[in-house]
Amino acid sequence: MIVRSLAALAAAQLLAAPLAAQTPPAATAATTSPQAAIDAATALARWQLARMTDTATVSRATSETRNPRAWEQGVFWAAMTVLADAGGRYRVGPEIKQAILAMGRANRWQPGAKPYFADDHVITQAYLWSARNGAGAAALAPAKATFDRVVNDPAVTTLAFVVPPAGYGATECLTRWCWCDALFMAPPALVELSRQTGDPRYRDFALREFWATTDFLLDPVEQLYYRDSRFFDRRDDRQRKQFWSRGNGWVFGGMARIIPMLPKGSADRVRMEALFVRMADKLAGLQKPDGYWAPSLLAPENAPPESSGTGFYTYGMAWGIKAGLLPRARYEPVARKGWAALTRAIQPDGRLGWVQQVSDRPEKVEAGDTQYYGVGAFLMAATAIADLGPAR
């Protein structure tokens with residue numbers, strides 16, 4: 001309770017900007033200049049910061065939604081570091097960096113409660129960023145202690161996702177990365193910890209587990225990931241495989257986070273770049289005419305807009321172009337179309353709408369649905385779109 005109060009107080013202190021400045025006119029948000037994309041991200045970040053403890057905005061709030069160290073908020077904070085880093089290239093208010101540092105101090109730099117659970121690791125991405133941006137060693141120490149435990153005494157279990165009678169949370173394989181979302185949550189933190197400490201064990205562990213999960217969950221024909229092994233044999237009424245948009249978005253966005261931190265020319269980087277390119281090729285062909293990706297990727301008919309998966313795909317496509325992995329002529333229109341769709345998802349009150357709520361599969365989505373992680377995807381997409389330069 002004390003941590004929650006500190007976080008709320010910190011957010012309030014950082015949000016002195018008037019509300020009018022937080023929600024730019026739709027025409028401004030929809031423009032394609034680099035600074036306009038950053039301004040749209042900053043406005044949305046401010047909207048979310050003002051409501052970090054107001055889970056009434058989330059249509060399917062759970063105890064994890066309210067937990068400032070759990071994954072739903074953790075993804076938002078990881079994305080905030082990407083927006084803060086853009087401050088070296090564009091106008092980004094100092095309150096973005098200050099909010100990240102304030103959050104970490106309020107959380108006492110602690111990861112989530114479960115040391116082997118990847119979702120409880122994503123918040124450490126913001127802590128490790130903070131360690132490099134003014135918070136020092138104190139921000140790094142708890143994450144290092146957790147990852148030392150994981151690396152020194154790794155879980156030994158199958159990757160098969162079998163829910164026992166005790167319930168979902170007791171699923172044995174959750175101590176490893178047996179669901180594709182995990183490839184966004186944990187590996188970037190482990191690889192960054194190796195960069196900061198000079199100790200390769202964290203990166204080596206992350207890459208071994210990344211490839212184990214990929215070998216298990218990646219469909220070799222479709223070049224898309226099953227969410228987990230329960231979905232291997234699921235088919236829709238047209239006998240199409242079920243590939244969840246946000247689930248694959250986690251992986252695609254996660255690779256865009258990991259690849260730049262790997263040594264250039266290393267076997268793991270070359271292999272991951274090749275996987276990223278194959279996945280981008282598949283995803284580009286699945287974008288709907290309205291710029292969104294369907295919640296179930298192979299089932300676009302009558303699909304609603306969905307902004308969280310679209311956010312991660314837009315981020316990955318734009319990042320891949322800038323990184324020289326994806327040909328601009330083919331992929332820039334995909335990224336721009338995705339960005340235009342994301343800006344249309346901003347609702348009149350300033351929230352990002354059309355975010356599918358917490359789930360492990362495609363579900364219904366409504367215009368007013370928002371979530372911390374969807375905002376995070378938007379922030380990352382905005383920075384990558386800005387880095388493409390003005391639309392040509």
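**Salt bridges, a disulfide and packed helices**

Arg240 and Glu301 are joined through their side chains by a salt bridge, with 2.6 Å from N to O. A salt bridge is counted here when a side-chain nitrogen of Lys or Arg lies within 4 Å of a carboxyl oxygen of Asp or Glu. The structure is a predicted model, in which local features need pLDDT of at least 70 and side-chain atom pairs count only at pLDDT 80 or more, while totals for chains, interfaces and linings use all residues. Residues are numbered from 1 along each chain as its sequence is written, and side-chain values use heavy atoms, with hydrogens and water left out.

Helices (H or I, at least four residues) and strands (E, at least two) are DSSP runs, numbered from the N terminus. Arg240 has a relative accessibility of 17% and therefore counts as buried, whereas Glu301, at 32%, is partly exposed. Buried means under 20% relative accessible area, exposed means over 50%, and partly exposed lies in between, with a 1.4 Å probe and protein chains only.

Side chains of opposite charge can pair when their charged atoms come close. In this model the count comes to 27 salt bridges. One of them pairs Glu95 with Arg46, whose closest N and O atoms are 2.5 Å apart. Glu95 is in helix 6 (residues 95-106) and Arg46 is in helix 4 (residues 34-49), so this pair ties together parts that are 49 residues apart in sequence. Glu95 and Arg46 are both buried.

Another salt bridge joins Asp360 to Arg230, with 2.9 Å between the closest N and O atoms. It links distant parts of the chain, 130 residues apart: Asp360 is in the loop between helix 15 and helix 16 (372-387), and Arg230 is in the loop between strand 2 (224-225) and helix 12 (245-258). Asp360 and Arg230 are each buried. Both also belong to a network of salt bridges that links Asp181, Arg227, Asp228, Arg230, Asp360 and Arg361.

The next link is a covalent one between cysteines. A disulfide is a pair of cysteine sulfur atoms within 2.5 Å, and a search of the whole structure finds one. Its partners are Cys173 and Cys178, with sulfur atoms 2.1 Å apart. The torsion about their S-S bond is about 65 degrees, so the disulfide is right-handed. Both cysteines are buried. Cys180, by contrast, takes part in no disulfide; the nearest cysteine sulfur, that of Cys178, is 10 Å away. Cys180 is buried, with a relative accessible area of 0%.

The helices may now be considered. Two packed helices are described by the angle between their axes and the distance between the axes. Helix 14 and helix 15 pack at an angle of about 145 degrees, and their axes are 9 Å apart. These axes are lines fitted to C-alpha atoms, for helices over the stretch in contact, and angles run from 0 to 180 degrees between N-to-C directions. Residues of helix 14, including Thr314 and Ala318, meet residues of helix 15, among them Tyr331 and Trp339; contact means heavy atoms within 4.5 Å.

Helix 15 (residues 328-344) has 17 residues, which at 1.5 Å a residue should span 24 Å, and its end C-alpha atoms, 23 Å apart, agree with this. The expected span is 1.5 Å times one less than the number of residues. The buried residues of helix 15 include Tyr331 and Trp339. In helix 14, Ser308 is buried at 0% relative accessibility. Apart from neighbours within four places in sequence, Ser308 is in contact with several residues, among them Arg246, Trp354 and Tyr373.

Helix 10 (residues 187-197) has eight of its eleven residues buried, so it is largely enclosed by the rest of the structure. Those buried residues pack against helix 7 (123-135), helix 8, helix 9 (182-185), helix 11 (201-217) and helix 12. After helix 10 comes Gly198, which has a positive phi near 80 degrees. Helix 8 (residues 137-152) contains Pro142, a residue that counts as buried at 15% relative accessibility.
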